[in-house]
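Reader: Hi! Could you walk me through a helix pair and a strand in this one?
Author: Happy to, let's have a look together.

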Amino acid sequence: MITRRTFVKAGGCALVAYAGAPRFLLRTARAAEASGKVLVAVFQRGAVDGLSMVTPFGDPGYAGVRPSIGLQAPRRGESERAADLDGFFALHPALAPLLPLWSSRTLAVVHACGSPDTTRSHFDAQDYMETGTPGVKATPDGWLARAVGARPAKSSPFRAVAMGPGLPRTLQGDVGAISMQSLDRFDVRAGSDASARAGFESLYEQGVRDLLHGTGRETFDAVKMLRSARASRLPPANGADYPRAPFGEALRQIAQLIKADVGLEVAFADMQGWDTHVGQGAERGQLALRLRDFGGALTAFARDLGDKMADVVVLTMSEFGRTVAENGNRGTDHGHATAMLALGGGVRGGRVYGRWPGLERHQLFEGRDLAVTTDFRSLFSEVATRHLGVPAAPLFPGFRSTEPPLGILA
Amino acid sequence: VLGLGLVGLLVAPATRAAGADRSAAMPALAAPAPVAPTVSAEDRRILHTLSRLTYGARPGDLERVRAMGVLAWIDRQLRPGTIDDGPTERALAELPTLRRPIPELLRDFPRPDPRLRAQIASGEMSRQEMMERYPIEKRPARIAAELGAAKVVRAVTSERQLEEVMVEFWFNHFNVFAGKGDVRWYVSAYEREAIRPHAMGKFPDLVRATAHHPAMLFYLDNWLSARPDYRVLAGPNRGRKAGLNENYARELMELHTLGVDGGYTQADVTEVARAFTGWTIDRPQTSGHFIFRPGMHDTGEKIVLGHRIRAGGGRDDGERVIEILTRHSATARHVATKLVRRFVSDAPPPGLVARVAGTYTSTGGDIPLMLRTIFESPEFYGEAAYQAKIKKPFEFVASAVRALGGTTDARGGMALARASAEIGEPLYQAQPPTGYADRAEVWVNAGALLARMNFALGLALGRYPGVSVELGALVAGADPSSPAAVLDRLLASIVADQAGPRTRAVLAAQLSEPQITRLTPDDRGPANTDVAKLAALVIGSPEFQRR
């Protein structure tokens, strides 16, 4: 099984050796991949309000600036309220399903995390976070793609997968990442008629060695692998109950890929709807509904994978946070720092990481936003190095952390 | 001429021995597929020209261009005003937002009432109730959707093919994202007013038109950019400091003119941003047109790339910057590089880039003359350029419809725009200011390739409402009881006999599949599902992904 990646990397000479690789060697390779680590990156597009997701109720500056959308301080036994995490921070009540993961120390929070770039443009900030290069738009590839590229070459067509219609910026690059809308639809859809599929496959399986044929062969390798692994038939395990919404569907299918041992190393899913300029709500309301889907999907994912979570880290991110004070429409505008979550095996959970910058006016960024005290690249680097075992420097060119490591991963 | 017997091709069928590692049987390094000998050198030249200057050849195009002479045909395409395009204009009449001015669109496609969303979220209002109060065809997203449908209709049916190619090229060069804020109301006007009139004109006029357009002013935030001590006078942000915003200044140099290696510094970015302060939008939510606000403008002196712009220039500062940038040799090189990449190869030959840049410099950025420099170059017709480009998803979709002799109405345009999105290129939805990439690696990936194959099946089987394809006409004259003859006709019309021997052999082998040879001469005629399947295979073949 020759892939475009090995072709590009190894050059023409290596082809002969690869082309004749017997099946049993490939099976061995696959078995080794199956035991590998998986990173699941989750993007909350639209800038999630970190101050509602993980509320700093202990900060005296919090309550006053959010008269209608602020969360009430936690109180023992009142599950309608946010849940106390450590006497200072509390988890939004819609995220309550995540609490057992907090207690079992597999869920950690990094607060006041964000980009050194000050843009409040969604698309610029997303671009910067996905490429891993704040302020630089000319970066051709994404940091997740570079992370996969930095790992030893493997033969699986499923090393990097994005659930969605297109390849996100963060997985663009020369690692042959696959994007798919759903496992079911990842096939030639010709009904019961197998001849069209066979025809397309034959068209791509032989002929010149170029990008198109190489990708075509990879594609049909992936299609066949997926079909033989019956990944899409694997039901959620351990009673996991995914919310029936796009994000829940995405995580459910990523779990299927992991359980089917198809060689997944990096997966990506995103969720929209965090841009709460108007009518954000507090314990209940618009944001709470989004958080319920978000937390519900993460919880189901962890439950579904069970013991396999030991090899998986889920990392959530959002392009920036929102204004500390609520605006005139009971919402929040574009801000600066936000909160990110890390979940899974090796995460030293049950802790909120990062230095808290404070909510006093003089402590705010530009007098209005939560200041960034942890560069998102510090967090991402630690996850990449500790979990995926790749050096951070090529992933985040030009970045040298001035802060001590968070120590979020064992 | 087309009667290349299939018997000879069946010598090398795709053996499918169970359990065998098929890749082991592959030659390590296959030579590029030779072109079928039936295509003459002159036809090859015509086919290449058609593949680069149009959204793909339709049945009969080869013969038409041959009769006219390829040079005369290019001349005509370079003067689109001389080409009648009545049928396209009539098809576009079904898309009412297309020609409407911004203030009318702002009035008739209001932004969603924030309370509606809150009422939905809280359960006060049902989704159905909301759909009635705020139907989809009244939402601002309709504007970009109609613009996308129009783009499809034009690409499929317009006789002014090169002009359409250039409108797409320049929109992408001066990209705005229809999903960013108020751009959704401005985007159709942007293409109509800023891009289309100059697509075959002079490059500096494109820079000027886009710099003044509310879509660009909003998209790259220049409308908010003000002198450092400026405070907002009115509205919800009254009293707030609104300082300098460098977004437009940077992209103007990096992407629109000089190029990322064009030799400007951060100091130049700041100076250019200062020059454009006060270029803003008048009442963005009701009027939405360009206005210069002296109160926001930084009146001091600016130095841009060594040129002194005197204090007190006001609005003219920005005009002066555009003049400096569009006369710069780095701009000539940058624009030439992108044009050569579009028309010749992902790796633009440096010699040709230099000559096109020379044309830019000597003609003040005359677009038809730069194009002529490309079309008359040996590089354009060189072996290295032939079939060297991978079609972008939109190019693939449009060329597939054209190759099958298809037509589309406005509804079909919407369906085909969605198909382009499924293959990875949602129209007018490129978020970053770089627009969509013009390189193969970006578009070739597993999910996208399957989506291309599935589109090919759907199109050939007639599953896109509003789109009709003429399979019957394609295979007319072929003996419908002879699958081989039908295949010959399909290959001749869809890929003009340019399929490699592998593809021919694979397709010929397909003829032995029972589901293909079910081909019957009786009830449904030649345009039955089996012809459709063969046509789909040709559309989904590697050859058809190239241009």
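Author: One term before we start: a helix axis here is a line fitted to C-alpha atoms over the stretch in contact, and angles run from 0 to 180 degrees between N-to-C directions. Also, this is a predicted model.

Reader: Thanks! At what angle do H19(B) and H20(B) pack?
Author: Helix H19 of chain B, residues 393-403, packs against helix H20 of chain B, residues 410-422, at about 135°. Their axes lie 8 Å apart. That angle makes H19(B) oblique to H20(B), because angles over 145 would be needed to count as roughly antiparallel.

Reader: Which residues make the contact?
Author: From H19(B) they are Pro393(B), Phe394(B), Val397(B) and Val401(B). H20(B) brings Leu416(B), Ala419(B) and Ser420(B). By class, that contact has six nonpolar residues, one polar and no charged ones.

Reader: And is the crossing left-handed or right-handed?
Author: Right-handed, as H19(B) passes H20(B).

Reader: Switching to chain A: is strand E5(A) mostly covered or exposed?
Author: Mostly covered: E5(A), residues 107-114, has eight of its eight residues buried.

Reader: Which way does E10(A) run next to E5(A)?
Author: Antiparallel, with five bridges joining E5(A) to E10(A), residues 338-344. Within E10(A), Met340(A) is the bridge partner of Val110(A).

Reader: What stands opposite Val110(A) in E11(A)?
Author: Tyr353(A) does. E5(A) and E11(A), residues 352-353, pair in the parallel sense over two bridges.

Reader: How many bridges join E5(A) to E12(A)?
Author: Two, and the strands run parallel, with E12(A) covering residues 374-375. There, Gly114(A) stands opposite Asp375(A).

Notes:
Residues are numbered from 1 along each chain as its sequence is written. Chains are lettered from A and ligands numbered from 1 in the order in which they are written. This is a predicted model: local features need pLDDT of at least 70, side-chain atom pairs count only at pLDDT 80 or more; totals for chains, interfaces and linings use all residues. Side-chain values use heavy atoms; hydrogens and water are left out. Helices (H or I, at least four residues) and strands (E, at least two) are DSSP runs, numbered from the N terminus. Angles under 35 degrees count as roughly parallel, over 145 as roughly antiparallel, 65 to 115 as roughly perpendicular and the rest as oblique. A crossing is left-handed if the near helix is turned anticlockwise from the far one by less than a right angle, and right-handed if clockwise. Contact means heavy atoms within 4.5 Å. Ala, Val, Leu, Ile, Met, Phe, Trp, Tyr, Cys and Pro count as nonpolar, Asp, Glu, Lys and Arg as charged, and the others, Gly among them, as polar. Buried means under 20% relative accessible area, exposed over 50%, partly exposed in between (1.4 Å probe, protein chains only). Two strands pair if DSSP finds at least two bridges between them.
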